[in-house]
Amino acid sequence: MSKISRRHFLSFSAGAAGLAACATEGGDNPLADTRPAYAGSATFEHGVASGDPMSDRVILWTRVTPANEENTAPIPVNLLVARDADMTAIVSQALTEAAPGRDFTVKIDTDGLEPDSVYYYQFTAQTRDGTITSPVGRTKTAAASGKPPLKFAVVSCSNFPFGYFNVYDAISKRADLDAVIHLGDYIYEYGVDGYGGQIGQQIGRNHEPQMEIVTLGDYRMRHAQYKNDPMLQAAHAVAPWLCTWDDHESTNNSYRTGAENHQAETEGNWSDRKQAAVQAYLEWMPVRDPEAGRALGGIYRQFSFGDTATIFCLESRLTGRSDEISWGAELAGVAPEAVPAKAEEVMGRVNDENRTMLGRVQESWLTDELQSSVRGGKAWQVLANQVIMAKVRAPNMMETLSAEQRAAQSGYVAQMIPFSQMGLPFNLDAWDGFPAARERLYSSVAASGARLITLTGDTHTSWANTLHDASGDLRGVEFGCTSVTSPGLGTYVKDVPDLGDQFTEANDDIAWHKTDGHGYTLVTLTGDEVTSEFVEVSDILDTSYTTQSIASFRAQRTDSGVTPLERA
């Protein structure tokens, strides 16, 4: 990742005076690129992106595609940053290069910007065929102080073959966003015969490469395919993104030492695959690389938006998560009469105090940062979190479903029906599989006086939750976004239109739950209130669609926490 230093900026310095000194009229470049032109042909095929905004800087990203992908020569690249979309009021410029070591991606940490300000940016390169130019992107820095209202579009789970990225297109049409928050599953690892492949065959959106991705080259090609999508490019170009990964950026149900969808005998060493996935992600995403000295994949970090909020982007897969425990694997082949005893044994392991979601190092970091945020007068402490934090058990489907509805179910859903009578958490890949770690987090929230808002992806369904600790005390609220394309539980549970209501009635933590649909959550923060609006698109199997707001909830900030959710 390149950084713009004083020598890149010439006389450009932080603050308004520096901006004025480097600004030019009529689009003249303040710094001419006198380097020799690249000797081949190249194009900007993957759009532009920005991310990780701070009050004085932001990451700016693109990728230059050489006509000869076997090219080993770097391609000189020029970055321009301007006050206007026409790129006439230039405020800064930097020279860098796209090199094969980073798959010809360019990522520049652009500093010296003014707080709470909109900027536009564009990349150019001199090639054998002349000057090539990228699209123009829009970005915005964070506020340095004060309590401005904030708006975030929150998304997750964009499986390419399952449908068109209409959700991203809808986000790209908004001009009021401070940032887009992506909570993971930005790409999926499966081949054309895997999850989503059948739909992909029907609509002509097959994964590339065709097989499950394992190597660095595979992950790079998959990222390139996703970034080629025009709807995703448009969403990246409209606002900065705050991104963290979940499991599918590596492989399904990943944890520190392995993954459900990694078979060492055919797919090699897990550490090698994990390193390849992390490297490709850091190359292709507009995020800052992990701090020196951190474990591989330690991308957890925090961002301040004035005094309104601190956003904590968590890493809950590759650095500290304990080994997977899943009911599917644990109960496979167990006789019905032996299930209760087996379930009791499993829950004994689930409740082990030593199980971690984040790892002890990140837990300590988050505890310290929550305290720092509260002491610094930030109104809200917001977790950009991957998996559901609320306590969730399935409704007793032997009672809530009719005989006809029970008979209509198959596969995993049919297996869940008798299990649901036990009143146990059914998704151990969520925080329910790490209850001791969740209680430690809630203790940190209580001790710091944090006003906790948790933003969650993963489930492909919509949630409005109130978060209670083991004593029943309210510790925060949670908004779970549905997916961009991946199907939710309601797709698989047949003929049960009130399934979300059944979950709500069965769980104290759930205020509202919708088990299907695709969209994003618009989260608005003021100094005193948080509001979540759940927005859905009408279709993902056709590029024609409409949008609809299906529900809204809000909570108020109190002296030491938040109020319960209410309909907005």
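**Aromatic contacts, pockets and backbone features**

Ring pairs join Phe160, Phe165, Tyr168, Tyr186, Tyr226 and Trp241 into a cluster. Rings of Phe, Tyr and Trp (its six-membered ring) are taken to pair if their centres lie within 6.5 Å; planes under 30 degrees apart count as stacked, over 60 as edge-to-face and the rest as tilted. The model is predicted: local features need pLDDT of at least 70, side-chain atom pairs count only at pLDDT 80 or more, and totals for chains, interfaces and linings use all residues. Residues are numbered from 1 along each chain as its sequence is written, and side-chain values use heavy atoms, with hydrogens and water left out.

Across the whole structure, the search finds 20 aromatic pairs. In one of them, the ring centres of Trp245 and Tyr281 are 5.0 Å apart and the planes meet at 85°, so the pair is edge-to-face. Trp245 lies in the loop between β14 (241–243) and β15 (254–255), and Tyr281 in helix α8 (residues 270–284), so the contact ties together parts that are 36 residues apart in sequence. Helices (H or I, at least four residues) and strands (E, at least two) are DSSP runs, numbered from the N terminus. Trp245 is buried at 2% relative accessibility. Tyr281 is buried too, at 1%. Buried means under 20% relative accessible area, exposed over 50%, and partly exposed in between (1.4 Å probe, protein chains only).

A tilted pair is formed by Phe426 and Phe503, with 5.6 Å from centre to centre and 55° between the planes. This pair links distant parts of the chain, 77 residues apart: Phe426 is in the loop between α14 (411–419) and α15 (435–448), and Phe503 is in helix α17 (residues 499–506). Both Phe426 and Phe503 are buried. Helix α17 itself is mostly covered, with six of its eight residues buried. These are Leu499, Gly500, Gln502, Phe503, Thr504 and Ala506. Their cover includes α12 (397–400), α16 and β23 (510–514), where contact means heavy atoms within 4.5 Å.

Two arginines sit over aromatic faces. Arg294 lies over Tyr300, at 3.7 Å from the ring centre. Arg355 lies over Phe434, at 4.3 Å from the ring centre. The criterion places NZ of Lys or CZ of Arg within 6 Å of the ring centre and within 35 degrees of the ring normal.

On a 1 Å grid over the protein atoms alone, a cavity is a set of points where a 1.4 Å probe fits but cannot get out, and a pocket is an open set with protein on both sides within 12 Å along at least five of seven lines; lining residues have an atom within 4 Å of a point. Grid points are joined across faces, edges and corners, and a volume is the space filled by probe spheres set on the points.

The largest pocket holds about 1200 Å³. Its lining has 38 residues, with Asn253, Tyr412, Phe426, Asn427 and Leu489 nearest the centre. Elements that give two or more residues to this lining are α9 (327–331), α14 and α16 (489–492). Helix α14 gives the most, with three residues. By class, the lining of the largest pocket has 18 nonpolar, 13 polar and seven charged residues. Here Ala, Val, Leu, Ile, Met, Phe, Trp, Tyr, Cys and Pro count as nonpolar, Asp, Glu, Lys and Arg as charged, and the others, Gly among them, as polar.

The second largest pocket has a volume of about 390 Å³. It is lined by 17 residues, and Leu331, Val339, Gln415, Pro418 and Phe419 are the closest to its centre. At least two lining residues come from each of α9, α10 (339–350) and α14. The largest share, five residues, is again from α14. This lining comprises 14 nonpolar, three polar and no charged residues.

Four cavities of 30 Å³ or more are present.

Glu208 and Pro209 are joined by a cis peptide bond, with omega about -10°. Pro209 falls in the loop between α4 (197–203) and α5 (216–227). Met87, which is not a glycine, has a positive phi of about 60°. Met87 is in the loop between β6 (75–82) and β7 (90–98) and is buried, with a relative accessible area of 8%. Asp185 also has a positive phi, near 60°. Asp185 is in the loop between β13 (179–182) and α4, and is buried at 1% relative accessibility.
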